[in-house]
Amino acid sequence: MDLKASLENYRNITIELIEKVKKGEDLNTLLQKRGELIENIKRLNFTNEEFQTIAKSFDILKLEEKFQESINKEKENIKEKIRFVNITREARIKYESSQFR
């Protein structure tokens with residue numbers, strides 16, 4: 001596989017990852033494929049200029065930023081859910097302890 005095809009594949013996997021993050025689906029398989037693809041890209045023979053030109057044509061950097069934003073947003077949502085569960089649990093414990101006094 002050449003650099004252009006590899007980066008196109010990387011782009012497609014990143015787009016799929018963004019969609020899966022939004023849906024709350026499992027990312028493990030795609031992340032593994034993406035990691036393997038990165039390793040394959042590292043083994044290819046290319047210049048920095050070639051890489052940058054092709055990466056720009058596929059908007060790799062923008063997609064990468066969008067993926068990171070999606071991940072960070074999902075992490076914040078999960079943190080908020082955990083906070084809510086903790087507050088609910090504390091309220092229940094206080095309520096139950098006040099019932100037995």
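**View 1. S6 and what it touches.** Leaving aside neighbours within four places in sequence, S6 is in contact (heavy atoms within 4.5 Å) with M1, L37, I41 and L44. This residue sits in helix α1; helices here are DSSP runs of H or I with at least four residues, numbered from the N terminus. With 2% relative accessibility, S6 counts as buried, since buried means under 20% relative accessible area, exposed means over 50%, and partly exposed is in between (1.4 Å probe, protein chains only). Bear in mind that this is a predicted model, where local features need pLDDT of at least 70 and side-chain atom pairs count only at pLDDT 80 or more, while totals for chains, interfaces and linings use all residues. Residues are numbered from 1 along each chain as its sequence is written, and side-chain values use heavy atoms, with hydrogens and water left out.

**View 2. Helix α1 against helix α2.** Here α1 (residues 3-23) and α2 (residues 28-43) have axes that come within 10 Å and cross at roughly 160°. Axes are lines fitted to C-alpha atoms, for helices over the stretch in contact, and angles run from 0 to 180 degrees between N-to-C directions. The two helices are therefore roughly antiparallel; the cut-offs are under 35 degrees for roughly parallel, over 145 for roughly antiparallel, 65 to 115 for roughly perpendicular, and oblique for the rest. On the α1 side, look for residues including S6, L7, Y10 and L17; they meet a set in α2 that includes L30, L31, R34 and L37. The contact of α1 with α2 divides into ten nonpolar, three polar and four charged residues.

**View 3. L17 and the nonpolar core.** The largest nonpolar core holds 17 residues, and L7 and L17 have the most contacts inside it. Such a core is a set of buried Ala, Val, Leu, Ile, Met, Phe, Trp, Tyr and Cys residues joined through side-chain atoms within 4.5 Å. Not counting residues up to four places away in sequence, L17 touches L27, L30, L31, R34 and F67.

View 4. The axes of α1 and α4 are 9 Å apart, and the helices pack at an angle of about 20°. That makes α1 roughly parallel to α4. Among the residues making the contact are L7, I18 and K22 of α1, and L63, F67 and S70 of α4. K22 is exposed, at 53% relative accessible area. Although K22 and S70 are 48 residues apart in sequence, their C-alpha atoms are 7.0 Å apart in space.

**View 5. Helix α1 meets helix α3.** These two pack at about 40°, with axes 10 Å apart, and are therefore oblique to each other. L3, K4 and L7 in α1 meet E50, F51, I54 and A55 in α3.

**View 6. D59 and its backbone angle.** D59 is in the loop between α3 and α4. Its phi is near 55°, a positive value in a residue other than glycine. Most residues other than glycine have a negative phi. D59 is partly exposed, with a relative accessible area of 39%.

Definitions and conventions. Ala, Val, Leu, Ile, Met, Phe, Trp, Tyr, Cys and Pro count as nonpolar, Asp, Glu, Lys and Arg as charged, and the others, Gly among them, as polar.
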